[in-house]
Structures are given as C-alpha cells and as structure tokens.
Amino acid sequence: MSVKLFCVPYAGGTAEVFSGLAEYLKEDIELIQIEYSGHGKRAKEPFYKTFDEMAEDTARLINESLDGNEKFAVFGYSMGSVVSFECIVRGLLKGQPCHFFIASHEAPGEHWESMEYAALDDMAFFRKIVDFGGFKAEDEARMENRFFRKLIFNPIKKDYDLIAQYRLTTEKKADVKTTMMYSPRDVKKESAALWQNRFTKEIEFIEIGDNHFFINKEQEKIANIINGRI
C-alpha cells in the first residue's frame, strides 16, 4: 500500500527544499511538497496575512490530494512543524496521518526567540539568519540586490512576521505517532522535549545534523528515518 508524504517547509522555504529526499525514499512513498503562497512556484500570489491563514491553506493543499481513506504522513520542517501541528490538532485534515515528522523547531505554546526577529531591522534580521545557517555572511552584499530581496529575503521576513503572531490555539493534544528530529546545536534537548506536552503518544526524539538546516546535508539519514516508520 502506497503512502503519501506531505512535506511542509520552513520559514522562507519553497517546496523544492524537500526534493533531495526523493531518491532515498522507498518506492511506495509518494513525496508531495507543499508550496506556501508567495513562495517558489506561487511567488506571484500574495503572502499570508495571518498564521491561521497559512495553516488553513496548507490543510487545503493536503486535502486536495486526499480522498479521505488513503494512508498518508506529514513532515513539517521548522516553521512547517508548527503549521502542520495546527492542521492536525485542529482537525483541519480529511484524515489522521499514520505518522507525523517534526524537525528543527521548539514546541507550540512555548516562547521562541524567533518570535522577536520580526521586530529587527533588515540587516539585524539578516545577521540572525546567518547565525543559524540560512545565509552566508558574504551574502550581505546581496541585500542591495532587489531581486535577492524580492525572491529570497522578503519571503523569509514575511514568514517571521507570521511566527511572531503565532499563539497556541488549543490545549487539545494531538493523538498521532510522532518522530521529532533536531540538532542539539540548534534546538536544545530540553526544548525539544517540550513537544511531548502536545501529544498523547510518546514522541521519538532523534538528534541529527549540526545546525538548523540539517536537511541540506542529511537527506539520506532523514529519508531512512521516514522509511523505517511508514
């Protein structure tokens, strides 16, 4: 029986960030990459105005690929973990995923330092993204390039505006098997553990990679983790 794997990107990320997983996933896993409005192939569409709008649109995209009976899993990376969690816990999806994969983000209902980034000026915000591996320091000169700002920088900044306004919508716990992947150099073990407060089932925690964007170097490891659980 085939399984659809819906992948939801990090802040500023496009659907293409998950493409590297395809060659390592089992043949019976169908990779479906979610694209946020205003990003990637949907760059001409408007950015979301609220976090809820982003969650609801993500649920819509997933539901359009489901008939309500088939087996599926969800993989949320960084901000995508929280977006996906909201889709699941609020019952926005047609069915219940057989497995939920979380990566590189602190738990909903906690204070995240990233919530404060939206208030920074552009250069200070840029340097924060450099700190956890999103940009290279030498990219600073590209901030003068309007295409860099429009296609790369602005989508990230807009998404952090949404992160800043996020608030946990319910104390209800998600009842789904879950695996949480994180780099200890990014999300501390104690912070990662707080995800357990949002689930009824015991979460599996896996340390992987050396920074926030371990998906760029660890596609095979990530795919093998997914292969072993669905």
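Predicted model: local features only at pLDDT ≥ 70, side-chain atom pairs only at ≥ 80, totals over all residues.

**Pockets and a helix**

Biologist: Which residues lie nearest the centre of the largest pocket?

Modeller: The largest pocket has a volume of about 690 Å³. Its lining counts 32 residues. Nearest the centre are Gly12, Gly13, Leu151, Ile152 and Ile156.

Biologist: Where does the largest share of that pocket's lining come from?

Modeller: The share in question amounts to seven residues. They come from helix 4.

Biologist: Which residues are closest to the centre of the second largest pocket?

Modeller: The volume here is about 500 Å³. In this second largest pocket, 25 residues form the lining. By class they are eight nonpolar, nine polar and eight charged. Closest to the centre are Glu106, Tyr117, Phe132, Asp186 and His212.

Biologist: Why do the buried residues of helix 3 line one face of the helix?

Modeller: Helix 3 covers residues 122–131, and its buried residues are Phe125, Phe126 and Ile129. Look down the helix axis: these residues line one face because they fall within a limited arc. That arc is 105°.

Biologist: Which helix do those buried residues pack against?

Modeller: The partner spans 146–165. The buried residues of helix 3 pack against helix 4.

Biologist: What backbone nitrogen does a side-chain oxygen of aspartate 121 reach at the start of helix 3?

Modeller: The oxygen comes to within 3.1 Å of that nitrogen. The nitrogen belongs to methionine 123.

Biologist: Is glutamate 23 buried or exposed?

Modeller: Glutamate 23 sits in the loop between strand 1 (3–8) and strand 2 (29–33). The cut-off for exposed is over 50% relative accessible area. Glutamate 23 has 65% relative accessibility, so this residue counts as exposed.

Biologist: How far apart in space are glutamate 23 and alanine 223?

Modeller: In sequence, 200 residues separate glutamate 23 from alanine 223. In space, taken C-alpha to C-alpha, the distance is 8.8 Å.

Terms used. Residues numbered from 1 in each chain as written. Heavy atoms only, no water. Buried < 20%, exposed > 50% of the residue type's maximum accessible area, 1.4 Å probe, protein only. Helix = DSSP H or I, 4+ residues; strand = E, 2+ residues; numbered from the N terminus. Arc of directions from axis to C-beta. Contact = heavy atoms within 4.5 Å. Polar contact = N/O pair within 3.5 Å; in protein donor to acceptor, adjacent residues only side chain to side chain. 1 Å grid on protein atoms, 1.4 Å probe; cavity = no way out; pocket = protein on both sides within 12 Å on 5 of 7 lines; lining within 4 Å. Points joined across faces, edges and corners; volume = space filled by probe spheres on them. Nonpolar A, V, L, I, M, F, W, Y, C, P; charged D, E, K, R; others polar.
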